[in-house]
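Please open the model in your viewer and keep the selection panel at hand.

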Amino acid sequence: MPRTSPEVGGMGHSVKRKEDPRFIRGKGTYVDDLHLPGMLYLDIVRSPFAHAKIKKIEVSKALAIPGVLAVITGQDLARYNLHWMPTLMSDTQMVLPVEKVMYQAQEVAAVLATDRYIAADGAEAVEVDYEPLPVVVDAKKALEPGAPVLRTDKPGQTDNHIWHWQWGDRTATDRAFQEAEVTVQQEIYLPRIHVSSIETCGCVADFDKVEGKLTLWMTTQAPHAVRTVFALVAGHVGLAEHKIRIISPDIGGGFGGKVPVYPGYVIAVAASVLTGKPVKWIEDRMENLQADSFARDYHIAAELAAKKDGTLTALRIKTIADHGYTDAAANPSKFPAGLFHICTGSYDFKAAHVEVDGVYTNKPPGGIAYRCSFRVTEAVHTVERMVDLMAHQLGMDPAELRLKNFIKPEQFPYRSALGWEYDSGNYAAALHKAMEKIGYAELRQEQIEKRRRGELMGIGISSFTEIVGAGPSKHFDILGLKMFDSSEIRIHPTGKVTARFGTKSQGQGHETTYAQIIAEELGIPVADIQVEEGDTDTAPYGLGTYASRSTPTAGAAGAVAARKIREKAKKIAAYLLEANEEDLEWEPGKFFVRGTPAKAKTIQEIAFAAYTNHPPGIEAGLEAVSYYDPPNLTYPFGSYICVVDIDKGTGEVKIRRFVAVDDCGNIINPMIVEGQIHGGLTMGLAPALYEEISYDEYGNILGGSFIDYLLPTAVETPKWETDKTCTPSPHHPLGAKGVGESATVGAPAAIANAVVDALWHLGVRHVDIPITPAKVWKLLRESGVTD
Ligand code: CDP
């Protein structure tokens with residue numbers, strides 16, 4: 001039951017999204033909506049080769065086109081030492097190449113023109129003479145002795161190995177495997193996928209030569225961090241941090257893909273600094289799909305050990321992480337494989353060990369956190385597939401095996417074998433609810449009957465644990481920047497509010513939910529609260545929005561800042577009511593004298609007094625700031641059950657039902673959370689059945705347009721049936737956990753498990769996602785099934 005009235009609209013109310021009127025009326029302001037006087041346009045020449053020496057760049061034909069003002073090459077940037085830039089993982093990435101290109105569609109040169117179309121014509125007229133070099137696209141082959149060394153720019157680099165990372169107790173894990181009564185092992189490949197957000201990346205860079213100030217409107221999920229990185233990289237050419245203003249306006253989806261700094265941004269800035277004119281760069285759809293950072297590309301070898309009675313004992317995983325030509329993953333510095341070591345999932349493993357090797361290949365940078373907080377989807381997919389494999393191996397029902405091994409509610413806070421401290425959870429409750437909702441027992445019965453008739457039906461479960469809210473600064477930083485987040489709340493004399501946050505919504509609805517948090521704490525109606533994010537000149541410093549961190553970090557900061565305001569408001573109320581502070585009680589929106597409810601001051605009256613009649617000895621004004629460093633991450637979870645029917649003739653997988661029970665602790669806005677889950681489920685369906693970016697042996701991208709890279713539309717998307725349990729986070733001020741990515745993390749394994757469940761009796765043990773009709777058809781034919 002919400003504590004506040006619907007008019008106030010605090011936590012638990014499905015307040016309509018404040019941002020939607022401008023979005024649905026086409027009144028949003030995206031980067032490409034900006035038109036500044038005298039603005040120039042940038043287009044980028046891209047490499048057709050995946051690995052090639054640049055022998056010559058001939059620009060004369062391009063420069064001869066009326067309206068083309070300049071062609072910028074790596075040589076030009078090298079004069080200012082701006083041809084390379086650091087990545088978020090302390091690797092290096094080319095802004096523009098001087099010697100060679102490292103992947104197909106890499107930036108080679110940039111054309112500056114008076115018009116977008118002239119810039120495109122100019123880019124086509126640039127002639128580049130390449131000398132092809134041997135290409136390495138297979139991460140396993142990249143590690144073989146004798147493989148061509150790709151990063152010849154790195155002194156001392158003699159192979160394509162980037163780093164080795166391991167976590168857990170190897171000895172205890174090995175011992176558990178030696179003592180195991182049953183083991184299963186499986187190789188699992190999670191292919192490259194792309195975020196494909198509706199808005200591509202872009203920026204408008206506007207350098208004011210008089211003020212020496214750069215204003216950069218850009219599609220970034222982390223404006224403050226980007227400003228600091230720009231200042232660190234370009235301080236030597238005069239761009240100091242206080243002279244850089246980054247504005248992240250409305251953003252059409254980020255999903256992790258708008259965390260990295262792409263070369264286009266840097267070139268546009270360089271072009272604006274050199275010309276003193278505003279410069280716009282907007283990627284087209286193909287550039288976005290082919291050249292921006294990718295997710296996944298994990299080659300996983302997993303092993304699971306258990307007793308015959310189904311008690312899981314140990315998990316051992318070795319992984320090769322294909323990072324493309326540079327490690328530009330947006331991971332916390334301490335964890336090169338992100339939070340992959342959440343791979344023990346919802347189960348009470350006593351021992352686990354995980355090893356990951358990062359590898360260079362001739363592909364664009366990989367490793368971004370695509371709607372999962374740093375490799376959690378990879379971890380969840382692995383453990384959920386392995387648990388299913390074990391259940392089938394043991395002849396146990398997959399639900400029964402899970403229920404037997406779940407971490408029990410009384411074990412929280414729970415320290416996992418890989419060192420995470422789970423805050424709270426009740427995994428069995430979520431699975432029971434999902435089983436009840438879908439009618440699990442009846443479905444199993446139906447499956448038996450169908451199998452008798454030769455029909456293929458499968459039921460798949462995924463009982464995932466997420467890990468979000470990066471993060472406690474003792475463990476989490478990006479390039480040394482601690483991962484706290486912030487909120488600044490200012491109550492104006494008439495009781496209206498401006499609140500600013502260090503995060504940046506890309507569609508999640510922060511303008512609404514942050515207002516609800518303040519409404520909850522201060523009783524001020526949501527309608528009276530203006531939330532702003534994404535402008536480094538005004539918002540307090542924060543690390544941005546990705547990895548479902550906003551609610552656990554900035555949301556918490558909002559609650560803490562509001563509570564600071566309430567403390568001060570109490571002092572003002574005591575003064576106005578001529579009462580002792582200790583005699584005052586709070587109910588949303590007002591302080592009253594205990595036992596005399598009529599003697600009260602509303603928060604609006606108090607706000608007015610803060611500017612017109614503030615008590616002696618207390619500063620005027622009513623505002624507060626909080627930089628919130630969470631004591632722990634939050635661990636949302638859920639249980640998903642998927643029912644599939646497989647067409648024996650075509651191999652097509654049809655999702656008949658999909659029930660998702662989620663738990664993100666206390667909910668701020670139920671409607672928004674449901675929307676997050678629906679979107680997330682569809683983004684989980686996508687890689688499970690459709691999405692994949694692969695490369696041929698020459699490094700040519702396959703799936704580089706939406707003709708080949710399949711996104712599910714409303715036609716392919718099943719009806720999602722959602723429900724929830726609520727296990728509050730014990731350490732978050734509002735008991736909330738993040739939710740944005742849960743469904744993307746949990747869904748693919750449920751679908752894959754359902755498909756294998758349908759085919760197990762035919763001898764199928766595993767299918768890598770995306771589970772295309774062609775893959776299933778082949779398996780059916782190999783098993784002698786014809787139709
Ligand atoms: O960082 P990001 O905003 O992507 O993820 P999030 O913190 O999981 O929040 C996504 C949206 O769901 C935001 O608008 C949150 O305020 C909302 N949410 C909620 O209403 N209740 C929760 N317990 C968690 C998130």
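Predicted model: local features only at pLDDT ≥ 70, side-chain atom pairs only at ≥ 80, totals over all residues.

Residues are numbered from 1 along each chain as its sequence is written, and side-chain values use heavy atoms, with hydrogens and water left out.

**First stop: H11 and H12**

Select residues 398–405, helix H11, together with residues 427–438, helix H12. Helices (H or I, at least four residues) and strands (E, at least two) are DSSP runs, numbered from the N terminus. The axes of H11 and H12 lie 10 Å apart, at an angle of about 160°. Axes are lines fitted to C-alpha atoms, for helices over the stretch in contact, and angles run from 0 to 180 degrees between N-to-C directions. H11 and H12 are therefore roughly antiparallel; angles under 35 degrees count as roughly parallel, over 145 as roughly antiparallel, 65 to 115 as roughly perpendicular and the rest as oblique.

Now show the side chains of Ala399, Arg402 and Leu403 on H11, and of Ala428, Leu431, His432 and Met435 on H12, which make the contact (heavy atoms within 4.5 Å). By class, this contact has five nonpolar, one polar and one charged residues. Ala, Val, Leu, Ile, Met, Phe, Trp, Tyr, Cys and Pro count as nonpolar, Asp, Glu, Lys and Arg as charged, and the others, Gly among them, as polar.

**Second stop: H14 and H15**

Move to helix H14 (residues 510–522) and helix H15 (residues 551–577), whose axes are 9 Å apart at an angle of about 30°. H14 is therefore roughly parallel to H15. From H14, select Tyr514, Ile517, Glu521 and Leu522; the residues they meet in H15 include Gly555, Gly558 and Arg566. The contact of H14 with H15 has seven nonpolar, two polar and three charged residues.

How many cavities of 30 Å³ or more does a search of the whole structure find? There are three. On a 1 Å grid over the protein atoms alone, a cavity is a set of points where a 1.4 Å probe fits but cannot get out, and a pocket is an open set with protein on both sides within 12 Å along at least five of seven lines; lining residues have an atom within 4 Å of a point. Grid points are joined across faces, edges and corners, and a volume is the space filled by probe spheres set on the points.

The largest cavity has a volume of about 90 Å³. Select Leu88, Ala222, Ala225, Val226, Val229, Val259, Val261, Ile478, Leu543 and Tyr546 to display its lining. This lining has 10 nonpolar, no polar and no charged residues, and its largest share, three residues, comes from helix H7 (residues 223–234).

Select Arg22, Ser248, Asp250, Lys504 and Glu533, which lie nearest the centre of the second largest pocket among its 27 lining residues. The pocket holds about 420 Å³ of space. Its lining has seven nonpolar, 10 polar and 10 charged residues, with the largest share, four residues, from S25.

**Last stop: backbone features**

Select Phe412 and Pro413, joined by a cis peptide bond with omega about -5°. Pro413 is in the loop between H11 and strand S18 (414–415). Finally, select Asp297, which has a positive phi of about 65° although it is not a glycine. Asp297 lies in the loop between helix H9 (285–291) and strand S15 (298–306).
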